[in-house]
Amino acid sequence: MLRYIYATDLHKFSDLAHSMFKDRADQFKTRLGWAVNVDENGEERDQYDHLNPLYVIWEEPDGSHGGSMRFLPTTGPVMVNDVFSNLNGGTQICSPLIWECTRFCLSRKASSHVAGALTLGGTEIMRNFSVEHLTGVFDHRMIRIYRSLGFSPEVIGSVGEGRDRISLGLWEYSREIYLNVAQRAGITPEQSQMWFDRSFGMAAEQPMALSA
């Protein structure tokens, strides 16, 4: 199932949070070789984890982390402005209608449907919080994944060649895209909305009508 958890509430899901940060260390440092910080508990965190981001987390049946992403509004500090502004010609991205998505992470044991579920979670955030665009930096290997999920970005700028190429993307929300992502993820919009509502204490007894 999908959970939407702000950083200030991660202590309520300590085992899930611990496995998320450990899987991030495994993916970004061990497998990809990124220069990230891993603490004595084997967890990968950076300064943006201290800004109360919203995490979308796929929770496995045993309560462990299957995959996750991190979201912050671009009205505050974000990586696309602080680290990767060169990809946008030095222009800052700052709007309450644009959120940054970072730290897309999949557990080694994640099944093939987890990436689709997380992508649906991102569109669910956009739909419910009236976010018009997501932005983020991605590498070459992600292009095929985004295409398969039906949520390809507009490329704003790129540097590097081949497998070393990284790009700044902008993903736009529409109801058509939302329904397409849900279909490809194999999750009904009603189920997705229920997970969202449950995370924020708004779950209704009956599925709500999806009109947005």
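This is a predicted model: local features need pLDDT of at least 70, side-chain atom pairs count only at pLDDT 80 or more; totals for chains, interfaces and linings use all residues.

Phenylalanine 200 is partly exposed, since its relative accessible area comes to 25%, and the cut-off for buried is under 20%.

**Aromatic pairs**

- The structure holds 13 aromatic pairs. In one of them, the ring centres of tyrosine 4 and phenylalanine 200 are 6.3 Å apart with the planes at 40°, so this pair counts as tilted.
- That pair links distant parts of the chain: tyrosine 4 belongs to strand E1 (residues 2-6), while phenylalanine 200 is in the segment after helix H6 (189-199), 196 residues apart.
- Tryptophan 58 and tryptophan 195 make an edge-to-face pair, at 5.7 Å centre to centre and 85° between the planes. Tryptophan 58 sits in strand E2 (residues 54-59) and tryptophan 195 in helix H6, so the two tie together parts that are 137 residues apart in sequence.
- Both tryptophan 58 and tryptophan 195 are buried.
- If you like clusters, there's one built from ring pairs that link Tyr4, Tyr6, Trp99, Phe129, Phe196 and Phe200.

**Charges over rings**

- Arginine 45 lies over the face of phenylalanine 21, 3.7 Å from the ring centre.
- Arginine 103 puts its charged end over the ring of phenylalanine 28, at 5.2 Å from the centre.

**Salt bridges**

- Searching the whole structure turns up 13 salt bridges.
- Arginine 3 and glutamate 59 meet through their side chains at 2.4 Å, N to O.
- Arginine 31 and aspartate 26 form another salt bridge, at 3.4 Å from N to O. Here arginine 31 is partly exposed at 39% relative accessible area, and aspartate 26 counts as buried at 17%.
- Aspartate 49 pairs with arginine 70 in a salt bridge whose closest N and O atoms are 3.1 Å apart. This pair links distant parts of the chain, with aspartate 49 in the loop between helix H1 (14-31) and E2, and arginine 70 in strand E3 (residues 65-73), 21 residues apart.
- Aspartate 49 and arginine 70 are both buried.
- Salt bridges with shared partners also join Arg24, Glu44, Asp46, Asp49, Arg70 and Arg103 into one network. Arginine 103 is the residue whose charged end sits over phenylalanine 28.

**Helix H5**

- Which residues of helix H5 (residues 175-185) are buried? They are Tyr178, Val181, Ala182 and Ala185.
- Looking down the axis of H5, these buried residues fall within an arc of 100°, so they line one face of the helix.
- The spacing makes sense, because an α-helix has 3.6 residues a turn, so residues three or four places apart point the same way.
- The buried residues of H5 pack against helix H3 (114-129), helix H4 (142-149) and H6. On the other side of H5, Glu176 and Gln183 are exposed.
- Just after H5 comes glycine 186, with a positive phi of about 75°.

**Glutamate 124**

- Glutamate 124 is found in helix H3, and its relative accessible area of 0% makes it buried.
- What does glutamate 124 touch, leaving aside residues up to four places away in sequence? The list is Tyr4, Tyr178, Pro189, Ser192, Gln193 and Phe196.
- Two of those names come up elsewhere: Tyr4 and Phe196 are in the ring cluster, and Tyr178 is one of the buried residues of H5.
- From glutamate 124 to glycine 76 is 48 residues in sequence and 21 Å in space, C-alpha to C-alpha.

- Over residues 204-212, pLDDT stays under 50. The model has 13 contacts beyond four places in sequence for this stretch.

Definitions and conventions
Residues are numbered from 1 along each chain as its sequence is written. Side-chain values use heavy atoms; hydrogens and water are left out. Rings of Phe, Tyr and Trp (its six-membered ring) pair if their centres lie within 6.5 Å; planes under 30 degrees apart count as stacked, over 60 as edge-to-face and the rest as tilted. Helices (H or I, at least four residues) and strands (E, at least two) are DSSP runs, numbered from the N terminus. Buried means under 20% relative accessible area, exposed over 50%, partly exposed in between (1.4 Å probe, protein chains only). A charge sits over a ring if NZ of Lys or CZ of Arg is within 6 Å of the ring centre and within 35 degrees of the ring normal. pLDDT is the predictor's confidence in each residue, from 0 to 100. Contact means heavy atoms within 4.5 Å. The arc is that of the directions from the helix axis to the C-beta atoms. A salt bridge is a side-chain nitrogen of Lys or Arg within 4 Å of a carboxyl oxygen of Asp or Glu.
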